[in-house]
Amino acid sequence: MPTQEHIPQKFIKTPLTVGVVGAGFSGGQPRGGVELGPTRLIEFGLISQLQDLGWTVDFDEKFPNYEHLKPKEADIGKLKNAKYVSAVTQSVSKSVREICEKGAMALTLGGDHSLAMGTISGSASVYKDVGVIWVDAHADINTPDTTPSGNLHGCPVSFLMGLGTPVPEFSWLTPCLPANRIVFIGLRDIDPGEKAILKQHSIKAYSMYDVDRHGIGKIMEMALEYLGEDTPIHLSFDVDALDPTVAPSTGTPVRGGLTFREGHFICERVHETGRLVAVDLMEVNPTLGDQASLVQTVQIGCSLVRSALGETLL
């Protein structure tokens, strides 16, 4: 049975507490079902698993219901459901901020990755110099000007950085993520506009080519060195960073992704720093694939969270 490695925590107060935000939201992309991800993760025992690792879990079994935030006209130009995404992510930002202000770990279960506008703005409002490790097949850094689809789960990083034409409905979201405080890991499906943005702003990004070339151990050492040894860390993990053979039940799978162990190593290594303040687990869609795919993906989602919160193999 894997055990917990008791790493001293620099920012999380004792007794160790994790506040769970169940963000069942799918408005940032067109596929239904991802809003059920948080419920399935909880049903598979995540809360008791974290308690077994020694964490006090602050969790309201009644997930937030965001339906009352849905406006009659949600789109803004080509940005789909933008008013809805703005309202929900603002609510999530408040929830994450309140958890971080208490000195607890903020764990957000998604839901689609547009939610990171809320989670990262929430942690950054408390930890002004927070560094983000963004694990994903996609860069999610399209701007309102470059997005080919208008789906906002492909844009959260640009909104957090303040790139592109401002959208008045997102005026609550003050840019809080400088280009030198984010590291991408696992990229392999990047739009041309995103490639240009990454190069223009000299953003640290490790594609699967880099993972293949250096190995995940070296990638993590370079990422952590880049962010700095005293930086609080927000880990935002999209399960489509993993290869579809590992985590099949997700909305935008891309072949050639991280292995089971590579994904877990990232989480384990971040925990070892003792500087993790927030974790997102995004894009688990229980309605995609057969029952075996669902079980496999949800179990891996739980396992990734446990690794980030201290589960070890020995």
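Me: How many aromatic pairs does the count come to?

Reply: Happy to start there, with the reminder that this is a predicted model. Rings of Phe, Tyr and Trp pair if their centres lie within 6.5 Å. By this rule, the count of aromatic pairs is five.

Me: Take F25 and Y66: is their pair stacked, edge-to-face or tilted?

Reply: The ring centres of F25 and Y66 are 6.4 Å apart, with 85° between the planes. Planes over 60 degrees apart count as edge-to-face, so the pair of F25 and Y66 is edge-to-face.

Me: How many residues apart in sequence are the parts that F25 and Y66 tie together?

Reply: F25 belongs to the loop between β2 (17-23) and α1 (37-43). Y66 belongs to the loop between β3 (56-58) and α3 (82-101). The pair therefore ties together parts whose separation in sequence is 41 residues.

Me: And where does Y84 lie, the residue that F25 pairs with across 59 residues?

Reply: F25 and Y84 form an edge-to-face pair, 5.1 Å centre to centre with 80° between the planes. This pair links distant parts of the chain. F25 is in the loop between β2 and α1, while Y84 lies in helix α3.

Me: Which residues do the ring pairs link into a cluster?

Reply: F25 pairs with Y66, and F25 also pairs with Y84. The cluster linked by these ring pairs is F25, Y66 and Y84.

Me: Moving on to the helices, what is the handedness of the crossing of α3 and α4?

Reply: The axes of α3 and helix α4 (residues 116-124) come within 7 Å and cross at roughly 35°. Among the residues making the contact are V85, V92 and V96 of α3, and M117 and T119 of α4. The crossing is right-handed.

Me: By class, what residues does the contact of α3 with α4 have?

Reply: R97 of α3 is one of the residues in this contact, and Arg counts as charged. G118 and G122 of α4 take part too, and Gly counts as polar. By class, the contact has one charged, five nonpolar and seven polar residues.

Me: How are α9 and α10 oriented to each other?

Reply: The axes of helix α9 (residues 260-272) and helix α10 (residues 291-308) come within 7 Å and cross at roughly 30°. Their contact includes F260 and H264 of α9, and I300 and L304 of α10. Angles under 35 degrees count as roughly parallel, so α9 and α10 are roughly parallel.

Me: Good. Which residue does a cis peptide bond join to T14?

Reply: Most peptide bonds are trans. Here omega is about -5° and the bond is cis.

Me: What is omega for the peptide bond from G110 to G111?

Reply: G111 is in the loop between β4 (105-110) and α4. The bond from G110 to G111 is cis, and its omega is near 15°.

Me: Last one: what is the phi of E283?

Reply: Most residues other than glycine have a negative phi. E283, in the loop between β9 (276-282) and α10, is buried with a relative accessible area of 4%. Its phi is positive although E283 is not a glycine, at about 70°.

Conventions:
Residues numbered from 1 in each chain as written. Predicted model: local features only at pLDDT ≥ 70, side-chain atom pairs only at ≥ 80, totals over all residues. Heavy atoms only, no water. Phe/Tyr/Trp six-rings, centres within 6.5 Å; stacked < 30°, edge-to-face > 60°. Helix = DSSP H or I, 4+ residues; strand = E, 2+ residues; numbered from the N terminus. Axes fitted to C-alpha atoms, helices over the stretch in contact; angles between N-to-C directions. Left-handed = near helix turned anticlockwise from the far one by under 90°. Contact = heavy atoms within 4.5 Å. Parallel < 35°, antiparallel > 145°, perpendicular 65-115°, else oblique. Buried < 20%, exposed > 50% of the residue type's maximum accessible area, 1.4 Å probe, protein only.
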